[in-house]
Every structure is written in C-alpha cells, then in structure tokens.
Amino acid sequence: MLYDVNLNFVFRFPTKIIFGPGTAKEVGMEVEELKGTKALIVTDRDLVKTDLVKTDLVKIVRDALGAKCVGVFSEVTPDTGVHIVNSGSEYGRTLGVDILVSVGGGSAIDTAKGMAICLTKGGRLEDYAGLNILGGPVMSHIVIPTTAGTGSEVTYAAVIKDHEQKRKLLFADNYLIPNVAILDPNMTIGLPKRLTAATGMDALSHCIEAIHSMQSEPIADALAFHGIRMIREFLPKAVENGGDVVARGQMLIAATIAGAAFSNAQVGMVHALAHCVGARFGVPHGIANSILLPYCILYNLDACPDRYSRIAEAMGKEVRGMDLMKAGEQAAMALWEFTKTIGMPQTLREVNVKESGLAQCANDALMDGAIVYNPKPIFDPAEILKVYQKAF
Amino acid sequence: MALSFPSIEWVEEFKRQINSSEGYKKAGATWTAGVVALVTLAKPEIGIKEDVGIWLDLHQGVCRDAKIVTAEDAQKAPFCITGDYARWKQVIRKELEPVKGMMQGKLKLKGDLPTIVRFVKASQELVECTTRIETKFLDE
C-alpha cells in the first residue's frame, strides 16, 4: 500500500512559474511586480566568460531589465562557497540592490539564495546555517535557470560549501523559496549533450527519490510520476537535438516539478552517496546520481517494491502480472537501458572514482542529510560500501 | 508525581533518564559535538511568559549537565532546536519525529544538520527518555 493511516505531510510550492520561449525577456515586469528597483544579476562565471553557450544569456536578461539592472555578479563557480556569497553580498550592498535575479544552474541559484539572506539579515552567511531559523522574508529572488535538472528554482534549501572548513553547509527555510521562476527553453538551447544528459538525470533522480522517500506523499508523488514520464520522453530528444525547443521546454518543466516533489518529500540514499563521490572525486552530481540510482533501487527493493513497480511502469516497462519484487526490479533495468541511450557512464570506475576511497565515502554518506529519508534505514557504513562496490 | 513541562524538576528527571538509558549510551557514544539546547517558545496563556531553554550538555553517551536557561543563552549552544509548546508536546508523545519535524518546518534548527542526522538514532533515544517521564502538560 502506498500510504497508510500514518500519512502526514506539509506541502509547499509558492513559486510563481512563468513558462515559454522568450519569457526571459519578461524579467523586468516581474521585478516591477515585486516592487524591485535595483536588480543584481547573479550568474555563473562560466556562463559569462566561456563559450559554453553560443548566446550571451546574461546580456538577454540585462537588456530585459534595462535601467533596473545595477550590476552583474559573475563570480559563481560550480561548487559555490560561503566566501563567494559573502563577497557577492558585499557587492550587492555597495550597489544598494533590492532584488536578485539568478541566471544559471544550481550553483548560481544557491548563491543568490545565500546572498538574499545576507543582504536582508546582515552578517556572515555561516551564521545562518540550519533549518527554518530566518524568522522572516528575505530579499526577493527571481530565477532564470539555464540547465534543466537542479530544481533549485522552487526548493527551500541552498547547499553552500565552506571551503575553509572543507564542509558543506545547509541553509533551509521556507523564506528561501524563490518568488518567481522563469522557465525559458531558449535559455537552455546549446547546453552540451553531456551536460544536458547529466542534469536531466539529476531531475529524474529527484523524481525517483521523492517517490521512494520515507516522507513520500500523494501530491509530491503526482508530480514525480509525471516528471518521470516527461523525462523519459523528452530527455533523449533534448540530448539528441539540443535545438529542440519543445524537448528543452518540457525538460525545464520536468526539472521544476521534480524540484517541487523532492523539496517536499525529500531525497534518499542516491543523493547521499552521490554527494560523497562528488566531494571526494569530483564526479558531477547528475552523473553520480545516474550511475548510483539503479544500484540503490536494488538495495532498497524489499522496502518498497510497490513503489518501484510503479516507477518501472512510468519508465515504460510492462509489469502487469509480475511478482511485485520482479516488477520493482524492472525499475533498475529500465534505468540502465535509459542511461545507455543517452550516453551516460554506467560505473563509478568510468568517472575516475578510486576503489580505495569508497570506504571513506561510505562513512561520509552516513552523515549526509538525505540518508534519513531512505526507505530502508541505514546505520552501518558497510551496507553503503557494498552498494558503492556494486556500482564501481 | 507528574512533572510540569518545562520545569527544573522535569529537566533534572530528563537528565536522570538519559543517564540511565542503555540505548542512549550506545547511540550517543561518539557524540562530541557539544551542547544541544531545546527552546520552547513563550505561551503566556498557559503560564510560559517567555521563551524557555533547556540546556543539555551531552558528551559521549552521557548527559553531563541539564538546566533551564534563557533563550538568549540557548542560542549560544552549537545546536539549538526551537519549537512552540504544541510541537514539543508532539515530540514527547512520539507524535512528531524531531528530524522530520525540522525538515517540515515544525521545529527550527540552528546548527549543522549533517551532524544531527548522523546521530538520528541518538535523538530517537532522547525522545524515548522523555516518554519515561511522567509529564504534566501545562495546557491540559
């Protein structure tokens, strides 16, 4: 049974979603609606300084903002840090900004969330690590994602690294949920194939983890199951033809609804394990999730075969009449088939993970916030190590 | 005799229960992250005129000190969990699992979540300890 008498949940989804090709140009109107007068664009360093994408995405947003744009903070790196947030906040203060517009992937969005805290509350970002301690609204924040995967445009959390202390800090608060997300497929056109596939797999892992999470619930499930179907249909198309505006758009929507699903239902061991190989071996988050997903499903299989059976169905497998465990197993099979078609690596070995470091990763994974919601409780690092070894 | 929550007597009994719990001794054996403070928000209509902090000096499976402190002092602890009276009542009655409560926004945590997560079993044992206290809730 998917739910029982103990079902109890809170569902949040306050972000205004604007979708459509060219909608990034509406950012000025959204700033006005939020009573913003001095907007600061927060963006990835790579988006501005490299030829990663052929179009100057930041210029599109800057032009759309016109005189309301008082600056661009483009110092965000892929693994954003507390020092970057503090530096961006200082820059924002000198400009007297009253609204933030993040343009980029998860790192830029999370940086802007951190800056929204500092620019409103003052002080250093480190002082605000924790859950629900802000106690009031922070600076308005509009997000324009340039990847389809993170879902951060609708989540209440930001993960920001303290590079000095070598640890990741979690900032989670309802007040951090962005006010507006502008999903403009044109902003993701030209994203390289591998990045398209990896970020798409991040979104798929959000859907699957939301469904198997101990905090799964009907609203998040509805979003997550639909997200799986959308990703199954449109991710291969977006990877195959980066200029397919329809596929790009559907992937942006899928990533956003996956974000809404997992932001409420949480994620489990896939993310915990992926975070740790990411931190130790630099494996991109989406790729780590993609490799680990089927192995984690098989590990968890006996805890919720009914859920995996439905995931298998959403992935296009015919499971009617099958024994529940066999049907659930099909979810892992479907994922292996799917990730091969979009050219994703299949093992940790292929992405330069060293077997000698897996034991430490297993220990680290037990300290990751995501592990709490795994459908099968895990307290022994040896259990995690076995999963890593199978995925190796 | 039932002890009022929160009160000095309740906190002393909580300490006694923690230190006689084999479950907590084992689950918290490697806890060296410092004090955990629990803050109950003021609710004047039931006699809680200002925020009340419970200071738990936990170390390697033992509660070295437990006392009532001001909310201001509680904020100085490396971990400070805040909730209103009804929420703490739910926790003590095992109707609300604390980590889930934090993720749902029902309890507030100041401090490092991964550390708390690593000791989720210890937190469950602490809740078990509260259930062994005969508690008188001020709103009943």
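Predicted model: local features only at pLDDT ≥ 70, side-chain atom pairs only at ≥ 80, totals over all residues.

Let us begin with the second largest pocket, which has a volume of about 1,200 Å³. Its lining is made of 42 residues, and A:Met214, A:Val372, A:Asn374, A:Pro377 and B:Gln124 lie nearest the centre. Helix H11 (305–314) of chain A gives two or more residues to this lining, as do helix H2 (22–27), helix H6 (113–118) and helix H7 (120–131) of chain B. H7(B) gives the most, with four residues. By class, the lining of this pocket has 21 nonpolar, 10 polar and 11 charged residues.

The model has three cavities of 30 Å³ or more. The largest cavity has a volume of about 370 Å³, and B:Val36, B:Leu38, B:Ile81, B:Ser123 and B:Leu126 lie nearest its centre among 24 lining residues. The lining of the largest cavity holds 21 nonpolar and three polar residues, but no charged ones.

The second largest cavity has about 60 Å³ of space. Its lining includes A:Ala148, A:Thr188 and A:Arg248. Helix H6 (193–212), helix H7 (218–240) and helix H8 (245–265) of chain A each give two or more residues to this lining, and the largest share, three residues, comes from H6(A).

A:Phe9 sits in the segment before strand S1 (16–19) of chain A. With a relative accessible area of 31%, A:Phe9 is partly exposed.

Technical notes: Residues numbered from 1 in each chain as written. Chains lettered and ligands numbered in written order. Heavy atoms only, no water. 1 Å grid on protein atoms, 1.4 Å probe; cavity = no way out; pocket = protein on both sides within 12 Å on 5 of 7 lines; lining within 4 Å. Points joined across faces, edges and corners; volume = space filled by probe spheres on them. Nonpolar A, V, L, I, M, F, W, Y, C, P; charged D, E, K, R; others polar. Buried < 20%, exposed > 50% of the residue type's maximum accessible area, 1.4 Å probe, protein only.
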